[in-house]
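The entries follow in order.

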Amino acid sequence: MKLSQYFKKFFQSSQSSGILLIFCVAFALIIANSSLGNSFQQFLNFHIGFEDLHLKYPVSIWINDGLMAIFFLLVGLEIKRELVEGELSSFKNASLPIFAAIGGMLVPALIYSAFNSGTDYSNGWGIPMATDIAFSLAIISMLGKKVPASLKIFLAALAIVDDLGAILVIAIFYTEQIHWMYLLLSFGIVTILFLLNFLKVKKLVFYLIPGLFLWYFLHHSGIHATIAGVLLAFTVPTNKSETKISPLEKLEHSLHFPVSFLIMPIFALTNTNIAFNNTMIDGLFSSLGLGIIGGLVLGKLIGINLFSLIAIKLKISSLPQNSSWNQMIGVGLLAGIGFTMSIFIALLSFKNEINFQDEAKFAILIASVIAAISGYLVLNLSAKSKIK
């Protein structure tokens, strides 16, 4: 096989983006703990942009708030397509990720609070509530056809609801000031976008340009700007036709490659820039570390499956098609990959406590690794037992 064919096969594989992401995580950790660590951090802190437009930010902000909005746009497009014509088109299927996400936020916060109520760490209760959608979807994609498509969609929908919940928590409890004028302008843009959809405007340019303004206004409102990608996605028109390609499907198709093989690897390199120190290891056995690890690994697993079980027993929801409770356990574990959103909340929780921040970062990293490995193994073993 020619080299070009190897590359083509690699980029077409659903597992490849996950493998690349894990490589970037390992590479970033090596850089952060080498002589290049300070230089790399200086690069991430370097401000670029346009001062006159109030758009001069560090490289890391452009990646986390800018590029990741495109990632959220793609995931939002996939969710909308499934709501219109796929796995989430029935109320029973669409409601399950909402119930699961609520449980996956409440139980981790309660576990963390049980460890840290009344301590100096008490303000970090929001840390284990978040699921890192990029990493969790990357891990489940590595399993390929061993996992039914419905389960991947369930995880994506759950993570979207989870992240929206985390953004609300940040806005209400961790944001010092909301700029209401920018928030009202954002609402105005969303109204215009839905109006364009109602008027059956099909050209993508009429959605993408207002989408840029939506990102700008949301970013300046004080709310995490990645939500702009989800809001934009839900206004892009689609249809139930199998022969006629909709604007949504066109945009979704064009975004898959750059998101999987450019945006997500850059995101991983940026956010795994964690330099280790002795206080981090000690922090694993403190109430902070135990609260974070317990919240992300056990809290997510228990909360997601308990609330899912209640919703199914009450006949409000149903399991994703062709899935089992063993696989739901695997998804519950994968949802414990908190990583970037958890780290972001940790930085907001302990603004003036660098040691607390370092301890929290390391605990989040360890919890996310445990969740990723255990979730992958459970889903892999579940697939093998089904084959037998």
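**Aromatic rings**

I began with Phe276, which counts as partly exposed because its relative accessibility is 41% (buried is under 20% relative accessible area, exposed over 50%, partly exposed in between, with a 1.4 Å probe and protein chains only). I note that this is a predicted model, where local features need pLDDT of at least 70, side-chain atom pairs count only at pLDDT 80 or more, and totals for chains, interfaces and linings use all residues. Residues are numbered from 1 along each chain as its sequence is written, and side-chain values use heavy atoms, with hydrogens and water left out.

I then looked up the aromatic pairs and found 16 in the structure. Rings of Phe, Tyr and Trp (its six-membered ring) pair if their centres lie within 6.5 Å; planes under 30 degrees apart are stacked, over 60 edge-to-face, and the rest tilted.

I took Phe135 and Phe267 next. Phe135 sits in helix 6 (residues 133–141) and Phe267 in helix 11 (residues 247–271), 132 residues apart. Helices are DSSP runs (H or I, at least four residues), numbered from the N terminus. Both Phe135 and Phe267 are buried.

I returned to Phe276 and its partner Phe362. The ring centres are 5.5 Å apart with planes at 75°, so this pair is edge-to-face. Phe276 is in the loop between helix 11 and helix 12 (278–283), Phe362 in helix 16 (residues 354–387), so the pair ties together parts 86 residues apart in sequence. Phe362 counts as buried because its relative accessibility is 11%.

I also logged one aromatic cluster: Tyr182, Phe213, Tyr216 and Phe217.

**Phe350**

Where is Phe350 placed? I found Phe350 in the loop between helix 15 (339–349) and helix 16. Its relative accessible area is 3%, so Phe350 is buried. Leaving aside neighbours within four places in sequence, its contacts (heavy atoms within 4.5 Å) include Tyr112, Asp120, Leu288 and Phe356.

**Helix 5 and helix 7**

Last, I checked how helix 5 (residues 91–116) meets helix 7 (residues 149–174). Their axes (lines fitted to C-alpha atoms over the stretch in contact, with angles from 0 to 180 degrees between N-to-C directions) come within 8 Å and cross at roughly 50°. Among the residues in contact are Gly104 of helix 5 and Gly165 of helix 7.

Technical notes:
Helices (H or I, at least four residues) and strands (E, at least two) are DSSP runs, numbered from the N terminus.
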